[in-house]
Amino acid sequence: MESSEFKTIKNTDQPLPSRAADQISQLIIDRQLSAGDKLPNEFELAAYLHVGRGTVREAVKLLVARNVLEIRRGKGTFIAKHPGQIDDPLGFAYLKDQKKLGLDLLEVRIRLEPWVAGIAAAKADEKDLVILRENCSRVEEDIYGGVDHLENDRKYHISIAKCTHNLVVPKLIPIISYSVGLFGSLNGTSLLTETIIGHRAILTAIEAHDPDAASAAMKDHLEKNRSALLEI
């Protein structure tokens, strides 16, 4: 880091480590650092922010807790895979009635994901489709192999969201990701065949760049999830 880049943290009511964390976040934005990029070391950051190394350590801890940074022992501090995104940002895991939560999440998803699938069908490029096909196939391989398919099921729905090329839609992924796991744990093996059929129908519509068909296929897929959940 060049000395000309040094910045002094402005006085605010925030604790010093919090201010330092904000400055590090701004550094990440300014330098356009992305997932997997290495952050400057502790000495450089301390000089850059005009604070002690202890403050830098505390600031890094805050950013690790926010899933902005990750520490790799012996290698340094790196930008997290999905900076700022956590698996359960709304605290769903702590809600007592998980079946009610599942139904409420489906109510939201039935209004959201058909629209997402429609946009995905309109905007997906060939690179997106390759990833989508791979994730769809992995879910089927897991199901036919008798192993837990939920992680690849999450990835499939996430890849649909990314096909939209919309900056906001992927930020909704934690809600989608959490609900896929929840439905799987509640429904067990009751929807395995329907999962394969539903996923294929959605994929086919997106491949055909048919927004109406993609929206309809996604809605049908989610409605079947809701029906199964109501029967529990």
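Is His199 buried or exposed? With a relative accessible area of 1%, His199 is buried, where buried stands for under 20% relative accessible area, exposed for over 50% and partly exposed for the range in between, using a 1.4 Å probe and protein chains only.

Before I go on, please keep in mind that this is a predicted model, in which local features need pLDDT of at least 70 and side-chain atom pairs count only at pLDDT 80 or more, while totals for chains, interfaces and linings use all residues. Residues are numbered from 1 along each chain as its sequence is written, and side-chain values use heavy atoms, with hydrogens and water left out.

Let me start with the overall layout. The protein has nine helices and two strands, which are DSSP runs numbered from the N terminus, helices being H or I of at least four residues and strands being E of at least two. Read from the N terminus, the order of elements is α-α-α-β-β-α-α-α-α-α-α. Of the 232 residues in the protein, 41% are buried. The accessible surface comes to about 12800 Å², with 54% of that belonging to carbon and sulfur atoms; these areas come from the Shrake-Rupley method with a 1.4 Å probe, and for residues only the protein chains shown count as cover. Taking contacts, meaning heavy atoms within 4.5 Å, between residues at least 6 apart in sequence, 70% join residues at least 24 apart.

Now to the helix pairs. Two packed helices are described by the angle between their axes and the distance between the axes. Here the axes are lines fitted to C-alpha atoms, for helices over the stretch in contact, and the angles run from 0 to 180 degrees between N-to-C directions. For α4 (residues 98-123) and α9 (residues 211-231), the axes come within 7 Å and cross at roughly 165°. That makes α4 roughly antiparallel to α9, given that angles over 145 degrees count as roughly antiparallel, under 35 as roughly parallel, 65 to 115 as roughly perpendicular and the rest as oblique. By class, the contact of α4 with α9 has 14 nonpolar, four polar and six charged residues, where Ala, Val, Leu, Ile, Met, Phe, Trp, Tyr, Cys and Pro count as nonpolar, Asp, Glu, Lys and Arg as charged, and the others, Gly among them, as polar.

The second pair is α2 with α3 (residues 53-65), whose axes come within 9 Å and cross at roughly 105°. That makes α2 roughly perpendicular to α3. In this contact, Glu42, Phe43, Leu45 and Ala46 of α2 meet Arg53, Val56 and Arg57 of α3, and by class there are four nonpolar, no polar and three charged residues.

Finally, some single residues. His199 lies in α8 (residues 192-207) and, leaving aside neighbours within four places in sequence, is in contact with Cys136, Val139, Asp153, Tyr156, His157 and His221. Leu132, in α5 (residues 126-145), is buried, with a relative accessible area of 0%. Not counting residues up to four places away in sequence, Leu132 touches Tyr156, Ser159, Ile160, Cys163, Leu203 and Ile206; the C-alpha atoms of Leu132 and Ile160, 28 residues apart along the chain, are separated by 6.9 Å.

Leu33 sits in the loop between α1 (16-30) and α2 (42-49) and, at 22% relative accessibility, counts as partly exposed. Beyond residues up to four places away in sequence, Leu33 touches Ile28, Leu39 and Ile79.
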